[in-house]
Amino acid sequence: MVNVSLESGIEKIVSEFIEAGCPSARAQSIDERRQGYLDSVGLAGECEPVYQITDLEINGLILRIYRPSAQAKLPVAVYFHGGCFVSGGFETHEQQLRKLANLSGAMVIAIRYRLAPEHGYPAAHDDAFNATQLIRQQCAQWGGDPDNISLVGDSAGGHLSLVTALRLKEKTDWLPARQILIYPMLDATASSRSYQEHGTHYIITKEALESGYELYFDQVPRTHPEASPIFRTDLAGLPETHIITAQFDPLVDEGEQLYRTLLEVGVPVQCRRYLGVIHGFFQLSAISMAARESIAHVASLIRAQP
């Protein structure tokens, strides 16, 4: 039975998933998983025009730059897409990236990081860190402000955002102005209660999330600090952090646990839980009021002055 507390548009797709027997992510090939993600793109709404979109490849790193205007010194948002470390890319996030650029007035730069199983840990983490460093060095030439950079990511991308910020804190002399973590994957042990409560019927299942960890981290221990950053003890000193969680998401508990931990160690942090929605709702603007509001909220954070 579908939870009646879901938004109506989301209730419909959840009902269809349940009626189909809650298809197993493990039973799908990687190609099928990736195609399924692409097939859902229509739920994100229309693809808005943007002033300028540029694809770049520098030192093996692939970036797509969304520039909303010809103005100089625009705020910069470095975006890491979701997809459980095995799928996703520019094509699955095109609508959200365009909306964010237009609503924020910021330069949004998406990273095409390497995916599992073709590329295991630390490939995606290294791509995220190296691309962020490159963007800091070069974004002024592209019209961006290197002193107002936000790291933004959803799901696996939220994980990459957090670990990139931790690597920057450890290895460099700069930090982004803020990080925005949208229902981040933080616990590869999948040990929170919400994995049990919301892990079967809400499309992005416990199985889908766990199998992504397995394919990417392979033999790496699930408690490794870059597999499960939720357990790290070096979170103090991170930049201003904003966390978005979803009521019926297997990941809701760990996102909110991160909020509490960051508060305890003195990091400026805010957490918003959206009700009536599931993991992935940020990409459902065509059917979800919460999705549209959350995109507007993230855009407002990106355009803020540090």
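1. Strand β1 and its partner β2 (residues 61–67) run in the antiparallel sense and are joined over 7 bridges; two strands are said to pair if DSSP finds at least two bridges between them. Within this pairing, leucine 56 stands opposite leucine 63 in β2. Helices (H or I, at least four residues) and strands (E, at least two) are DSSP runs, numbered from the N terminus.

2. A word on the source of these values: the model is predicted, so local features need pLDDT of at least 70 and side-chain atom pairs count only at pLDDT 80 or more, while totals for chains, interfaces and linings use all residues. Residues are numbered from 1 along each chain as its sequence is written, and side-chain values use heavy atoms, with hydrogens and water left out.

3. The pair described above belongs to an open sheet of 8 strands, which follow the order β1-β2-β4-β3-β5-β6-β7-β8 with mixed pairing. At its edges are β1 (52–58) and β8 (269–274), each of which pairs on one side only. On average, neighbouring strands of this sheet are turned by 20° against each other, direction ignored; axes are lines fitted to C-alpha atoms, for helices over the stretch in contact, and angles run from 0 to 180 degrees between N-to-C directions.

4. Contact, here and below, means heavy atoms within 4.5 Å.

5. Histidine 279 is found in the loop between β8 and α9 (289–302), and it counts as buried because its relative accessibility is 6%; buried means under 20% relative accessible area, exposed over 50%, and partly exposed in between (1.4 Å probe, protein chains only). Its side chain makes polar contacts with the side chains of serine 155, at 2.9 Å, and aspartate 249, at 2.8 Å. A polar contact is a pair of N or O atoms within 3.5 Å; within protein, one must be able to donate a hydrogen and the other to accept it, and residues adjacent in sequence count only if both atoms are side-chain atoms. Not counting residues up to four places away in sequence, the residues that histidine 279 touches include Tyr183, Ile204 and Leu251.

6. Arginine 273 lies in strand β8 and counts as partly exposed, because its relative accessibility is 42%. Its side chain makes a polar contact of 2.8 Å with the side chain of glutamate 256. Among the residues that arginine 273 touches, leaving out those up to four places away in sequence, are Thr245, Ala246 and Gln247.

7. Leucine 301 is found in helix α9 and counts as buried, because its relative accessibility is 11%. Although leucine 301 and serine 104 are 197 residues apart in sequence, they are 8.1 Å apart in space, C-alpha to C-alpha. Leaving aside neighbours within four places in sequence, leucine 301 is in contact with Arg178, Ile180 and His242.

8. The largest pocket holds about 880 Å³ of space, and of the 36 residues that line it, the closest to its centre are Gly36, Tyr37, Ser40, Ile203 and Ile204. Helix α2 gives the most to this lining, with 5 residues. On a 1 Å grid over the protein atoms alone, a pocket is an open set of points where a 1.4 Å probe fits, with protein on both sides within 12 Å along at least five of seven lines, and lining residues have an atom within 4 Å of a point. Grid points are joined across faces, edges and corners, and a volume is the space filled by probe spheres set on the points.
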